[in-house]
Amino acid sequence: MNTPTIDTSFFRLFGAGEQEARRILDAALSKGGDYADIFFEHTVSNDLSLRDGEVNSVRSHIDFGAGIRVLKGDRTGYAFSESTRFEDLMKAAATAAEIAGGTAAEVTMPENCTPVSYTDRYPVVSGWEEHSIVEKKHYLLMLRDFINRGSDRIVSITGNLGDMLTRVLFFNSLGECFSDTRPMARMSATVVMKNGSRMENFYSSRSYRKGFEFLSEELAASLADEAVKGCMRLFEASRPPCGEMPVVMGAGGSGILLHEAIGHSFEADFNRKGVSIFSDRMGKQVCSPDINIVDDGTLPHFRGSVNVDDEGVPGQKTYMVRNGILNSYLHDRISARHYGVAPTGNGRRESFRYMPIPRMRSTYMENGPATEEDLIRSVKKGIYVDNFANGQVQIGAGDFTFYVKSGYLIEDGRLTRPIKDTNIIGNGPEALASITGVADNLIVDDGTWTCGKGQYCPVSCGMPSVLVSKLNVGGINE
């Protein structure tokens, strides 16, 4: 459903409407800027924590302010204010104008604001503000009880439930404006178990852009089951042999490697500056024709989805790789202007304190022609991985190291003993080119993924199971 209107109640919330915005934008362009925008933001966040068997920590926070950006050629001026009083915003506009510099020139703005038309990807059924702490607490205690029923080895349970509602109001010097209400919910559990002298832990989480309807008995049961079974499996696991070998990456959360080792290299600012190894590969074959890699802002309710990005471009689905050919970078307004293309809706920011830059949304690989069983059967000796804890990536060269929390050894085409605590080491472009099989079981993971790039943004990631013909496995024989 297209939403071409703007919520005028936000004018009262921020104390600014179209007339005030026009005067502020005039001030922002007073030093000769080519373009200016204002990003108003109001966020209410709540957090409940379960520890030592009880919900014993509750926190609430309100964040409020506006950021003003001015573009002049390749220069960007940015300033923010934690007050939305008109005089404070005028000072921020003057500061941004000075930073961008330039020679004063008259810029004619449209008379009226035209609302950006977009589809609401995350309508809320029941607002968080309509429900009490006691109602929320009930679900954390339910999570605790489900976990306790799962095993008698449990020595510690930590749970967390968070909800957030962000209201955004935006104006720019092109005469565009929009308002957006952005919900976010997350729930997580960490389980610690003991078996003899051994201790193991496992983390499980879910996050969606939803209201109170996010919570259910099924959610608590699913999180508990995943955390308990994942932790119990680690007691049977050991580190795999090290060396170069085939790696089958399981569907879902393995997409974090796709995000980190490959996705960042497709962000247009890295390519515009010549940092990315893909800077000169547009239109060229970079991997198997079976591979399509997407960055998608349109998945209903997913953590990485955006109705409209933070610089007024509607969320959309962007094919970075289509049939193995590099098809598009991820653009904000600045990079799109540099390349002479339309922005892709990837201009995102952590908050009003930051200027938007090209950022991923929901990044995943589409289904291929194989099955996961086909991929595993084709491997004589290798590993299957399905849970990553963290990693490091060098954007320019694409070199990466990822810590594998759990998986299985593959021997003669079968999954055998569980593995844990190993590293996968490789190079993003080389790993992409070394994918020799793509399964038909795509899962976009619904965990609490957050991407850091000088500032933090919620994202989603996913993939079907894939076979990488060779990667360095950095385990140590036990």
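**Reading turns, strands and a helix face**

Colleague: In the hairpin of β6 and β7, which residue takes a positive phi?

Modeller: That's Gly196, with phi near 65°, and the hairpin has two residues between its strands. Before we go on: this is a predicted model, so local features need pLDDT of at least 70 and side-chain atom pairs count only at pLDDT 80 or more, while totals for chains, interfaces and linings use all residues. Residues are numbered from 1 along each chain as its sequence is written, and side-chain values use heavy atoms, with hydrogens and water left out. As for the labels, strands (E, at least two residues) and helices (H or I, at least four) are DSSP runs, numbered from the N terminus.

Colleague: How many bridges join β6 to β7, and do they run parallel or antiparallel?

Modeller: Strands of a sheet pair through backbone hydrogen bonds, and either direction can occur. Here β6 and β7 run antiparallel, with eleven bridges joining them; two strands pair if DSSP finds at least two bridges between them. Thr190, for instance, has Tyr203 in β7 as its bridge partner.

Colleague: What is the order of the strands in the open sheet?

Modeller: Its six strands go β11-β10-β9-β14-β22-β19, with mixed pairing. The edges are β11 (325-326) and β19 (443-445), each pairing on one side only. Further in, β14 (residues 362-365) and β22 (residues 460-463) run parallel and are joined by three bridges, and Tyr364 stands opposite Gly462 in β22.

Colleague: Back to phi. Where is Asp52 found?

Modeller: Most residues other than glycine have a negative phi. Asp52, which isn't a glycine, has a positive phi of about 55°, and it is found in the loop between β1 (35-51) and β2 (54-72). His301 also takes a positive phi, near 70°, in the loop between β9 and β10 (317-322).

Colleague: Are Asp52 and His301 buried or exposed?

Modeller: Buried means under 20% relative accessible area, exposed over 50%, and partly exposed in between (1.4 Å probe, protein chains only). Asp52 counts as exposed because its relative accessibility is 72%, whereas His301, at 19%, counts as buried.

Colleague: Which residues in α5 are buried?

Modeller: An α-helix has 3.6 residues a turn, so residues three or four places apart point the same way. In α5, the buried set includes Leu219, Leu223, Ala227 and Leu234.

Colleague: What covers the buried residues of α5?

Modeller: The cover includes α4 (133-150), β5 (154-172), β6 (176-195) and β16 (399-411). Contact means heavy atoms within 4.5 Å.

Colleague: Where does Ser406 lie, and which side chain does its own side chain make a polar contact with?

Modeller: A polar contact is a pair of N or O atoms within 3.5 Å; within protein, one must be able to donate a hydrogen and the other to accept it, and residues adjacent in sequence count only if both atoms are side-chain atoms. Ser406 lies in strand β16, and its side chain makes such a contact with that of Asp386 (3.1 Å). At 1% relative accessibility, Ser406 counts as buried. Leaving aside neighbours within four places in sequence, the residues in contact with Ser406 include Phe202, Leu234 and Ile419.
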